[in-house]
Amino acid sequence: MAGNRQLTIFSYDIRDDRRRRRIARLLEDQMVRVQYSLFEAPMTPDEVDLLRDAVEEELGADDSLRVYILTSDCVRRSFQVGGVPFPAEQGHFLF
């Protein structure tokens, strides 16, 4: 199970510009930025935990982080108009 990758979405609301840039760099190292504060990538549970922990260390008291993990059924029912293709469409997503 630890090797299974699921489409994972990280979204944040961070007030401080400097802290926001640091967190964005952490996320951009492992994920694709699809909107200003929204990142996605196929990740294993262990990868999600490590990245979440790293981001959590940087968060301030008034900041927030949301992490969504989509099942294969959710990905099949999802769609987009314009922008960066879903990782599944790029051929990197494993079920």
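A polar contact is a pair of N or O atoms within 3.5 Å; within protein, one must be able to donate a hydrogen and the other to accept it, and residues adjacent in sequence count only if both atoms are side-chain atoms. This is a predicted model, in which local features need pLDDT of at least 70 and side-chain atom pairs count only at pLDDT 80 or more, while totals for chains, interfaces and linings use all residues. Residues are numbered from 1 along each chain as its sequence is written, and side-chain values use heavy atoms, with hydrogens and water left out.

**Exercise 1. Describe the surroundings of threonine 8.**

Step 1: A polar atom of the threonine 8 side chain lies 2.9 Å from the backbone oxygen of glutamine 6.

Step 2: Threonine 8 belongs to strand 1, residues 6-13. Helices (H or I, at least four residues) and strands (E, at least two) are DSSP runs, numbered from the N terminus.

Step 3: Is threonine 8 buried or exposed? Its relative accessibility is 0%, so threonine 8 counts as buried (buried is under 20% relative accessible area, exposed over 50%, partly exposed in between, with a 1.4 Å probe and protein chains only).

Step 4: List contacts, meaning heavy atoms within 4.5 Å. Beyond its neighbours within four places in sequence, threonine 8 touches residues including Met31, Phe39, Val48 and Ile69.

**Exercise 2. Work out the layout of the sheet.**

Step 1: Read the strand order. Four strands form an open sheet in the order 2-3-1-4, with antiparallel pairing. Two strands pair if DSSP finds at least two bridges between them.

Step 2: Which strands stand at the edges? They are strand 2 (32-35) and strand 4 (64-70); each has a single partner strand, so one side of each has no neighbour in the sheet.

Step 3: Look at the pairs. Strand 1 and strand 4 run antiparallel and are joined by seven bridges, and aspartate 13 stands opposite serine 64 in strand 4. Strand 2 and strand 3 pair over three bridges, also in the antiparallel sense. These two form a hairpin with two residues between them, where glutamine 35 faces leucine 38 of strand 3.

**Exercise 3. How do helix 1 and helix 2 pack against each other?**

Step 1: Recall the description. Two packed helices are described by the angle between their axes and the distance between the axes.

Step 2: Apply it. Helix 1 and helix 2 pack at about 170°, with axes 10 Å apart. Axes are lines fitted to C-alpha atoms, for helices over the stretch in contact, and angles run from 0 to 180 degrees between N-to-C directions.

Step 3: Name the arrangement. The two helices are therefore roughly antiparallel (angles over 145 degrees count as roughly antiparallel, under 35 as roughly parallel, 65 to 115 as roughly perpendicular and the rest as oblique).

Step 4: Find the residues. Among those making the contact are Ile23 and Leu26 of helix 1 and Leu51 and Val55 of helix 2.

Step 5: Check a residue. Glutamate 56 lies in helix 2 and is partly exposed, at 46% relative accessible area. Its C-alpha is 9.1 Å from that of isoleucine 23, although 33 residues separate glutamate 56 and isoleucine 23 in sequence.

**Exercise 4. Summarise the whole chain.**

Step 1: Count the elements. There are three helices and four strands, following the pattern β-α-β-β-α-β-α along the sequence.

Step 2: Look at burial. The chain has 95 residues, of which 29% count as buried.
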